[in-house]
Amino acid sequence: KLDFPTFDGSTNPLIWLHRCEKFFSNQHTQEEDKVGLAAFHMLGEAQLWYHQLEIENPSMSWVELKDCCTLRFGPPARSNPLGELVNLKQTGTVEEYQRLFQERLARASKCVRIDQQVSLFTAGAKGLCYNCDDPYTVGHQCKKLFWLELAGSDDVETTAEVESEPAISLHAITGQKSEDTMQVRAVIQEQSLLGLVDSGSTHNFIRMCQAISFSIDNTVFIADFIIIPLPGFDMVLGVKWLRTLGPILWDFATLTMSFVLNGDQVVLRGHQPCTTYQLHLLQDSDDFRCKLEELFAEFADLFHEPSGLPPLRNCDHQICLEPGTGPVVVRPYRYPHLQKDEIERQCTQMLQQGIIQPSRSPFSSPCSFGETQVAYLGHVISAAGVSVDVSKIKAITDWPQPQSITSLRGFLGLTGYYRRFIKDYGLLAAPLTSMLKRNSFHWSDEALASFTELKKALVAAPVLQLPNFDEKFIVECDASGGALVWLRLQPYRQRSLAGQLRHKLSPKFYGPFQILKRIGTVAYQLQLPVDSKLPNVFHVSLLKPFKGAAPAPTPTLPPITDGRVVPTPGSVLRARLNRGTWEVLVQWAGLDATKATWE
């Protein structure tokens with residue numbers, strides 16, 4: 001699950017803006033939603049700054065917000081970021097120099113190619129030697145290599161010959177194997193060892209055991225060794241051993257060395273190490289492609305698509321829990337639609353490859369097998385049908401009498417979830433529902449009875465199941481066809497000369513008219529007069545049942561304009577001259593004189 005990054009203005013905003021861009025790209029965020037999403041995750045000083053910025057520019061785009069954020073919280077803006085990057089020099093540690101280089105490179109990355117970035121970084125560095133901390137120049141020689149000081153015993157007598165302090169080279173101490181080093185196979189007490197003939201080491205070193213006699217290519221030598229841990233070699237033959245051989249003819253091209261030992265000519269040949277492949281950035285050339293194809297061909301088994309689970313090993317994956325701890329179950333959470341589709345696609349692909357399999361573990365995915373009933377979303381599903389989960393309704397049976405509107409609303413919300421199991425649930429809950437009105441929270445006998453009966457009804461809720469077609473059915477249907485109903489029509493809104501909006505006729509029912517048929521679930525088609533211009537389908541809210549005998553004359557409709565009743569003038573009561581215009585006081589048909597208006 002991806003979390004949106006937050007920003008409080010205390011750090012460089014370039015990192016936060018870059019993470020925002022990655023989030024927007026992964027979640028396919030719309031352009032118009034980026035500013036609001038980023039602003040919601042601003043904290044502290046950054047949130048106060050954005051509030052003022054939003055007042056000044058309410059319709060800010062994401063590009064404008066990035067520029068303003070960089071200008072406000074980023075490093076001081078200068079006119080020549082490339083010049084700053086070129087002139088940057090290392091004055092402290094390498095870590096500090098690398099951090100400053102990255103900050104300036106982020107502002108000038110569009111002007112610098114990748115190969116130029118490497119050149120600029122190395123040009124600004126101090127240029128220290130790889131083996132020592134002194135500055136490196138052409139012809140540089142390290143003052144000393146890795147020195148090992150050995151503490152001698154006080155009671156050992158010093159010899160006449162003063163020996164130099166033991167020193168070992170970088171290749172020997174780090175175990176770096178190269179084709180340019182002289183490596184030989186030595187035998188000590190019938191045990192084969194890998195040795196390094198190293199002129200950069202003063203003494204002989206060994207990591208396994210101390211020995212004075214060893215052989216190379218059936219030639220026996222005697223030497224003293226110092227025991228130290230060697231990661232890449234078993235022994236190192238240094239200058240101290242080379243000095244005992246006398247004049248040496250050493251050919252580094254063929255890795256051979258020849259010398260005379262006890263009157264016999266001895267030739268030692270270097271052992272060729274296993275080839276180690278290293279990847280380097282090469283140009284797009286035929287040579288590069290050939291080397292890459294050879295590498296892929298040699299290790300083709302590593303690039304095959306996986307199929308099946310890995311073989312059983314001595315130690316397979318397992319989750320170790322403390323004693324008495326149950327399975328860890330995490331509730332599922334929603335994914336964005338695109339991310340959900342990608343997860344399902346990858347899971348389907350891995351299932352087909354056989355590298356994963358359906359999990360039957362109780363961890364995070366509890367499953368049930370061989371059960372006669374399963375609890376699901378507050379219900380119990382069994383062979384008999386769908387019923388109420390008793391463990392859920394136990395909270396209802398033990399529910400105390402609510403003492404506030406909030407607790408009563410919570411009770412009704414809980415019972416309402418199972419309303420389809422309860423016949424006439426609305427009638428049972430009506431006394432409690434009426435208590436939710438303003439200033440109506442009062443427990444009457446009827447409300448207490450409703451509260452008790454509702455809990456009993458939930459406990460004894462029936463089981464919903466498929467119908468048994470072998471049994472008899474009682475069908476309830478709508479028999480309103482042919483019945484008479486009143487039709488309510490809205491009056492026409494007449495603007496009188498007094499400047500007030502007056503309704504000449506209150507909403508009135510006309511008819512009765514006969515119902516032809518039912519349209520959908522909330523509308524009916526009526527038989528209107530032939531000359532009517534109204535549509536003959538009306539919502540149930542405009543109809544009222546007619547009781548009694550049907551009238552003999554055919555009912556008519558008043559004049560109608562735009563679906564509204566137009567009032568009919570009855571008589572003119574009087575006239576007047578108002579600012580040069582004659583006005584009349586009209587009494588409308590069906591209304592008394594108190595509702596007359598000047599027209």
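User: Which residues touch the most other members of the largest nonpolar core?

Analyst: This is a predicted model. Its largest nonpolar core has 23 residues. Those that touch the most other members are Phe214, Phe221, Met235, Trp241 and Leu268.

User: Which element gives the most to this core?

Analyst: Several elements each supply at least two residues, among them strand E4 (191-197), helix H9 (239-243) and strand E12 (264-269). Strand E3 (182-188) is also one of these. The element that gives the most, with four residues, is E3.

User: How many residues are in the other core that lies apart from it?

Analyst: That other core includes Phe7, Cys20, Phe24 and Ala38. Its number of residues is 20.

User: Which aromatic residues do ring pairs link into a cluster?

Analyst: A search of the whole structure finds 17 aromatic pairs. Ring pairs join five residues into a cluster: Phe214, Phe221, Phe225, Trp241 and Phe259.

User: Is the pair of Phe4 and Phe24 stacked, tilted or edge-to-face?

Analyst: The ring centres are 5.7 Å apart. Phe4 sits in the segment before helix H1 (13-27) and Phe24 in helix H1, 20 residues apart. Both Phe4 and Phe24 are buried. The planes meet at 40°, between the cut-offs of 30 and 60 degrees, so the pair is tilted.

User: What kind of pair do Trp49 and Phe73 form?

Analyst: Trp49 lies in helix H3 (residues 44-56) and Phe73 in helix H4 (residues 62-73). Their ring centres are 5.3 Å apart. The planes are at 80°, and over 60 counts as edge-to-face. The pair is therefore edge-to-face.

User: Is Trp49 buried or exposed?

Analyst: Buried means under 20% relative accessible area. Trp49 has 16% relative accessibility, so Trp49 counts as buried.

User: Within what arc do the buried residues of H13 fall?

Analyst: The buried residues of H13 are Leu408, Phe411, Leu412, Thr415 and Gly416. Seen down the axis, they line one face of the helix, because they fall within an arc of 130°.

User: How far from Cys68 is the nearest cysteine sulfur?

Analyst: The count of disulfides is zero. A disulfide needs sulfur atoms within 2.5 Å. For Cys68, the nearest cysteine sulfur is that of Cys69, and the distance is 8.7 Å.

Terms used: Residues numbered from 1 in each chain as written. Predicted model: local features only at pLDDT ≥ 70, side-chain atom pairs only at ≥ 80, totals over all residues. Heavy atoms only, no water. Core = buried A, V, L, I, M, F, W, Y, C linked by side-chain atoms within 4.5 Å. Buried < 20%, exposed > 50% of the residue type's maximum accessible area, 1.4 Å probe, protein only. Arc of directions from axis to C-beta. Phe/Tyr/Trp six-rings, centres within 6.5 Å; stacked < 30°, edge-to-face > 60°.
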